Amino acid sequence: MNTASKLGAYVLGLAVVFGGALGAGSAVGPMPPEVPAHVANHPALTLAKSLAEGGGDESGAGHGGHHGDTTQQAKGDTPAGLQVSQNGYTLNPLTTAVTGQPMDFKFTVIGPDYKPVTAYEVEHDKKMHFIVASRDLTSFQHVHPEMAPDGTWSVTLMLPKAGAYRAFADFVPQGGEKLTLGVDLQAAGDFQPEPLPHVSRTAMVDDYTVNLAGNLVPGQSSKLTLTVNKDGKPVTDLQPYLGAYGHLVALRAGDLAYLHVHPENSEKAGPEIVFYAEVPSTGDYRLFLDFQHDDKVRTASFTATATLADGHIPSADHGHTH
């Protein structure tokens, strides 16, 4: 590595340190007036900006092209929920101590102007969907916080056991694009991780049985049909929930990538609910279906394996486990 390259790597490292509290994803761009001048004019950030714009590398083939490739990959290849910050927006937890008791969990979303966002679009009947899942994918919650005028979101949260969790904020900032940001939470106590539940096409919750039809295939939209029965009879009077007769969240085992799942518009209130899921890779996934019946929301969960188009998703009948 030549002297210019070493210097560039060093100052870029400094830029990351300074940018951590300022949304460093775009720290090399123009600074808003709220940023102190001694930070905006710091030599590390000034030189980092020069390098990002193609300066400081006389070969003309170094940092500029590589930066462009990285940006394209981040936009096109990174599944939702794996980043705490994206497109200038950052998920900022205000509650640090998480326990097994009901608690008031607070957070904000910091926008490109480094201030809490206060304007959101309504999507699926809510401005904010907040999902919390344990890292072993045996626990799942889908809740809807309330926002104060200053942009602080609050929700009553209780984690059922000690261990590691991933929290997702699913929202659309006003005038912006849909985002899902994720952050890790830790609940203190003795932690005994559980194995991923068996692959199965049937889930039981209370008196309800939900059957899954359809295969997950990477790289394409996969049709999933979930059929709800109660006491062996089809449920034909499902109640709307979040603007539809069901809401499906899919998480990839291992890193808990949050996947885009699109419901199919239907006027029928069951027993079938149809979704289209786009999975980025082969492997195991957990599917969580929220549906409402008799004025109560219930969650049915499945483990499914994504294979190539000519592959086969094993069912529990074949004794396949993970």
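**Salt bridges in the model**

A: Asp294 is partly exposed, with a relative accessibility of 45% (buried means under 20% relative accessible area, exposed over 50%, and partly exposed in between, with a 1.4 Å probe and protein chains only). The model is predicted, so local features need pLDDT of at least 70 and side-chain atom pairs pLDDT 80 or more, while totals for chains, interfaces and linings use all residues. Residues are numbered from 1 along each chain as its sequence is written, and side-chain values use heavy atoms, without hydrogens or water.

The side chain of Asp294 forms a salt bridge with that of Lys230, at 3.2 Å from N to O (a side-chain nitrogen of Lys or Arg within 4 Å of a carboxyl oxygen of Asp or Glu). This pair links distant parts of the chain, 64 residues apart: Lys230 is in strand E12, and Asp294 is in the loop between strands E18 and E19 (strands are DSSP runs of at least two residues, marked E and numbered from the N terminus). Lys230 is also partly exposed, at 25%.

The count by this rule is eleven salt bridges. One of them joins Asp184 and Arg135 at 2.7 Å; Asp184 belongs to strand E9 and Arg135 to the loop between E4 and E5, 49 residues apart.

Another salt bridge pairs Lys161 with Asp136, their closest N and O atoms lying 3.0 Å apart. Because Lys161 is in the loop between E7 and E8 and Asp136 in the loop between E4 and E5, the pair ties together parts 25 residues apart in sequence. Asp136 is buried, at 11%, whereas Lys161 is partly exposed, at 23%.

Terms used: Helices (H or I, at least four residues) and strands (E, at least two) are DSSP runs, numbered from the N terminus.
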